[in-house]
Amino acid sequence: MKARSFAAAVALLAVTAAPAPAPAQGFTGGKAETPQPPPPTKDVGFDQKLGDQVPLNLVFKDQEGRTVRLSDYFGKKPVVLNLVYFDCPMLCGMAIEGLLRSLRALTFDVGKEFDVLTVSFDSREGPELAKAKRANVLEQYDRPSAEKGWHFLTGDEASIRALTSAVGFRYVWDESQKQFAHATGIVVLTPQGRISRYFFGIEHSTKDLRLGLMDSTSEKIGSLADKMLLMCFHYDPKSGRYTPAITKVLKGGAALTLLGLVSFIVVMLRRERRGQGGDSKRAA
């Protein structure tokens with residue numbers, strides 16, 4: 001399923017987070033300075049590709065400089081894909097901080113119920129920068145299991161383009177600002193590497209993350225209460241959120257009502273038969 005949504009919204013977020021164009025400073029050398037053009041936004045956003053397969057044969061470098069394939073991180077648990085670039089002056093840092101706050105509020109642990117891949121989409125960045133960024137993030141997350149479950153990757157342009165294209169992440173270099181214009185959000189992938197959920201913006205609700213991770217795997221994660229809650233909500237691709245499934249609730253209520261009515265009728269019929277049996281005995 002391929003659907004384009006929220007591109008404008010997330011693009012606007014990227015634009016508003018970027019520094020404002022410098023105003024003209026008067027005359028220099030007899031010529032007025034030309035105001036900087038706004039960042040290019042038509043190529044910025046997310047194209048949702050729910051159900052598509054991410055190419056797991058793509059090659060990257062991990063934070064230690066080892067050559068790895070995406071397939072090394074799949075097979076057992078759902079994976080949260082976080083696309084940023086480590087030398088980003090503003091928006092990516094905010095996005096990572098927002099993700100940290102969201103994950104700290106979640107009772108599921110990175111490295112236990114799910115893994116996280118933070119991948120730089122700037123091919124100029126390498127493992128040394130990834131390692132420094134990872135150390136800072138793990139210190140803030142402060143859960144031991146994340147050491148084996150949260151990975152920071154860098155790669156060449158071909159691998160980066162293949163991955164970002166596969167998940168519909170569109171970004172562009174803004175020459176006037178000397179930085180990337182890009183959207184913010186995370187992508188939840190199944191243990192087999194299929195695109196399951198998109199969550200847009202900088203910070204994500206605990207409920208949405210929890211339900212999204214449960215929805216993305218057949219493994220038993222979450223409590224019985226979580227599973228019952230999941231029955232009452234459905235994922236809305238347009239908003240990238242879980243909303244109450246009113247039809248499910250109504251159907252469930254109708255089913256319970258029908259069950260109660262049938263039970264009542266059965267009980268009343270049994271009582272009536274017993275009464276008739278008693279009357280026959282007395283008559284005899």
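**Rings, charges and burial**

Tutor: In this predicted model, the charged end of Arg210 sits over the ring of Phe108, at 4.1 Å from the ring centre.

Student: Over the ring of which residue does the charged end of Arg124 sit?

Tutor: A charge counts as over a ring when, among other conditions, it is within 6 Å of the ring centre. The charged end of Arg124 is 4.9 Å from the centre of the ring it sits over, and that ring belongs to Trp173.

Student: How many aromatic pairs are there, by the rule for ring centres?

Tutor: Two rings pair if their centres lie within 6.5 Å. By this rule, the count of aromatic pairs is 15.

Student: Is the pair of Phe121 and Tyr171 stacked, edge-to-face or tilted?

Tutor: The ring centres of Phe121 and Tyr171 are 4.6 Å apart. Phe121 lies in the loop between β8 (115–120) and α3 (127–141), and Tyr171 in strand β10 (residues 169–174), so the pair ties together parts 50 residues apart in sequence. Planes under 30 degrees apart count as stacked and over 60 as edge-to-face. The planes of Phe121 and Tyr171 are at 45°, so this pair is tilted.

Student: Is Tyr171 buried or exposed?

Tutor: Buried means under 20% relative accessible area. Tyr171 has a relative accessible area of 5%, so Tyr171 is buried.

Student: What is the angle between the planes of Tyr171 and Phe180?

Tutor: Tyr171 and Phe180 form an edge-to-face aromatic pair, 5.7 Å centre to centre. Phe180 counts as buried, at 13% relative accessibility. The angle between the planes of Tyr171 and Phe180 is 65°.

How values were computed: Residues are numbered from 1 along each chain as its sequence is written. This is a predicted model: local features need pLDDT of at least 70, side-chain atom pairs count only at pLDDT 80 or more; totals for chains, interfaces and linings use all residues. Side-chain values use heavy atoms; hydrogens and water are left out. Rings of Phe, Tyr and Trp (its six-membered ring) pair if their centres lie within 6.5 Å; planes under 30 degrees apart count as stacked, over 60 as edge-to-face and the rest as tilted. Helices (H or I, at least four residues) and strands (E, at least two) are DSSP runs, numbered from the N terminus. Buried means under 20% relative accessible area, exposed over 50%, partly exposed in between (1.4 Å probe, protein chains only). A charge sits over a ring if NZ of Lys or CZ of Arg is within 6 Å of the ring centre and within 35 degrees of the ring normal.
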